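Hi everyone, thanks for coming along. Let me put the structure up, and then we can walk through it together.

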Number of protein chains: 2
Amino acid sequence: MSVTLRDVAELAGVSAATASRALDPTGSASSATRERVADAARRLGYVGNTAARSLRTCRSDTIGLLVPDVRNPFFTDLAYAVDKAASAAGLTVMIGNADEDGAAQDRYLAALERHRIDGLLVVPQGGATPGLRRIVETFPTVAIDRDAGLGVPVVASDSEAGMHALVDHAVALGHRRFAIVAGPQSTSTGRVRLDAARERLAHHDIRLSDGDVIEGDFRLESGLAAARRLLDHDPVPDLVVAADALMALGVLAVIRERGLRPGVDVGLAAFDDNPWFHVLDTPVTVVAQDTTVLARRALDALLRRIAGEDVDVAPIPTTLVVRRSLGETTTVKENAHE
Amino acid sequence: MSVTLRDVAELAGVSAATASRALDPTGSASSATRERVADAARRLGYVGNTAARSLRTCRSDTIGLLVPDVRNPFFTDLAYAVDKAASAAGLTVMIGNADEDGAAQDRYLAALERHRIDGLLVVPQGGATPGLRRIVETFPTVAIDRDAGLGVPVVASDSEAGMHALVDHAVALGHRRFAIVAGPQSTSTGRVRLDAARERLAHHDIRLSDGDVIEGDFRLESGLAAARRLLDHDPVPDLVVAADALMALGVLAVIRERGLRPGVDVGLAAFDDNPWFHVLDTPVTVVAQDTTVLARRALDALLRRIAGEDVDVAPIPTTLVVRRSLGETTTVKENAHE
DNA sequence: CTGAAAGCGCTTACAG
DNA sequence: CTGAAAGCGCTTACAG
C-alpha cells in the first residue's frame, strides 16, 4: 500500500539490499549510492516499516513503561521524563497504566509482550502479579521507584536520606508531636519512608504511637480520610507528614476544614514535590525527587540490561525544599550527602 | 527465539494455518481443533507477534495520540481516558507529547508513521506543522479538543455554551468588571472561549476593554504573569476568568500575593476542572469538561473514519460546577442545553 | 474444516 | 561496494 524499500531501490537503480544499506548510517555503501538512495527516498516520501524491520531484526526499538497511576503527578512527571529520555535515544515508549488493578496490569503486559518490547521499565504495584513475574523472566526489566523483590535492578530515590533530612528539619524547628500519613505498606516506598521516619524520630528521642500513623494509598481521598482521624487527636499533632503529594493535598484541606492555620497551628510536610505546591496558600515543604535523573538512570540501566551487562544503580539523592508549611522561611537544602 | 505459531501447530498436530484459524475466534475450525490448539498455546506460553501479524494484515491495532502537553492535567486526564477506551476496544495507544515544540511533534509523528498506526487522535498545537499535514493525508485522523482547520472531524466540548453559562452565573452574582486570562489565540479553544465570553458579556451590556484581556499559554506561569498585570488595575476587577485550570492556579496565587481574599475581594473562575480544585483554600468555580465522553466519542469517530465512514460529531456538553470562588454556595448546574 | 503456498517489507550473511 | 537469496512469524485466498 505505502511506499516500500523496493520502490526506493528501483527509483535509485539499485537492489533493495543496497538501498537498505545506503539508508543505514552504519551500512556500507558508496557515497554516490547513498545520495541517490536518499534522494529517491525523499522524493517518494519513504518511511520505514517498523513491523517488517523488527520481524527481521528481532528488535522493536520500543520499551514499555508501566506505572500504577498515570494521573498521580509524580508518575505523570516520571512518564514524561522517561519518554523524553527514550526519544532522545531513538526509542519509542509504550506507556501503560496499571490503574490499581492487577488484571488491567496483566492485560497491558500481555500487549507489551505481543509487541516484543526490547525491555520494560516498571513501577510495580504492591504484589507482583503473575503477568509481571512472567514478563520479568522474558524481557530485560528495570524497576523504578519501587522495589517489589522482582530480582531486577531498582532505580529509586534515596528515600531514607530524604526522610531523615525532613525529620531533622522539622525537629530543629521545634516540632515534636508527629503524625504520619504513610504510603501503602505493600509498597517499598510506603515502607521505607515510614521506617526512616520512625528511625530518625527515635534518634531524636521521639516515639510514634500507633494512632499517630495512618496508612493511605497515595491518593487524595486517603489523605483526606487519614487527616480527619489524625486531627481528632487531643492535643492536635504539631505537624503531619504525608508520604506523597496527593495525600498532602488532602491533609491540607482537612487542616483548613478544621479551622486551623496550616504552618501555624499545624505543620505539613510531604514526600514528592508538585508544580502547584509553591502557589498554594501555604507553600508546602517537601522532599523532592528528581524525576529527570530517575528516568535517565533507569533508561541507562535498561539499555545495559538489554546489552546483557550487569547493572547496579546507586540511590538517587533527593532535595529538601523548605517552604512555609512548617513555619519556616523559604530556602532549598540539598541533602545529597546526608 | 520465542514460541511461534509453528511450535503451537506442531504440538497440536495441525498446520500453522489451522492453528492460526483456531486461535482466531472468527476463524473456521472444529471445536476439537480449537481446543487442542488453545491447549498447546497455553502449554507453550504462546504470545502472538504483532510485528508479523501487522506486516501480513496491514493493520497494527495501534492508534496514536498526540497532545500538546501531557503534564497539563486536562491532557493527562484525556490521555488516561483515551487509553482506557482504546484498551477496551483491543487497541494499543502510543501517546506522544508535542511539548510545545513543532520539531518534537514531527519527530513523534514520524515514529507513528513508521509504526503504521491505524489512525491518529490529535490535539493540534497552534499551527499545523508539515509533519501533521502529511500524516493527516496518510492516516485516518480525528482532532480532539481543538480545531486546527485540518479538514478532519473535531470532537470537542461545547465551549461556547459553557462560557455563556459561566458568564450568566457570574453576572447573576453581581459581577460586572470582568478580567480574562485567555488561552493562546493560535488555538481554537483559546479563541472560542474568549469570543464566547465577549459575546455573552455584550449580551449583558458589559464591554471588555483591551487591558481586561491578557493572553496566556495555558500554563501556570502565564497565569501568574497575566494576573499580576490584571490586578494592577484600579479599581481591581470583580473577577478573573481563566481559560484553563493551570492559569487559574496562577491567578489564585497572585490574588493572595496581593493580600486579597479570593472569592471575596476578587472572584475567580476557570475553564476545566481539576481533581485538586475542590480542596483548595478557595474551591474554584469551573466549567468542567467530560474527558471520558470526549475520549469515547473521539475513539468512536476514529474507528468510523478507519472503516471509511463519514462522521459528524456534535459538541459535547460541559458542566458548570459552582463552588465558592465567586462567592457562592456549592451546587452543580448542568448546561447541556445552554 | 484443513493444508500447502504465497507473501507482507525488511535485513543480513554469503559471494563476488 | 553490491546483488541474489533466504527468512523473520504470521494470515489468507485457493483447493480440496
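Let me start with a term: buried means under 20% relative accessible area, exposed over 50%, and partly exposed in between, with a 1.4 Å probe and protein chains only. Both F74(A) and F75(A) are buried.

A word on the model: it is predicted, so local features need pLDDT of at least 70 and side-chain atom pairs count only at pLDDT 80 or more, while totals for chains, interfaces and linings use all residues. Residues are numbered from 1 along each chain as its sequence is written, chains are lettered from A and ligands numbered from 1 in the order in which they are written, and side-chain values use heavy atoms, leaving out hydrogens and water.

Back to F74(A) and F75(A): their rings form an edge-to-face pair, 5.2 Å centre to centre with 65° between the planes. Rings of Phe, Tyr and Trp (its six-membered ring) pair if their centres lie within 6.5 Å; planes under 30 degrees apart are stacked, over 60 edge-to-face, the rest tilted.

Now the interface. How many residues of chain B are in contact with chain A? The answer is 46, touching 46 residues of chain A, where contact means heavy atoms within 4.5 Å. Of the area that chain B buries against chain A, Y80(B), R116(B) and W276(B) supply 17%, more than any other three residues. Buried area is the accessible area (1.4 Å probe) that two parts lose on being put together, summed over both; here that is about 3900 Å², 62% of it on carbon and sulfur atoms.

Finally, the rule finds two salt bridges across this interface, with a Lys or Arg side-chain nitrogen within 4 Å of an Asp or Glu carboxyl oxygen. D99(A) and K84(B) meet in a salt bridge at 3.5 Å, N to O.
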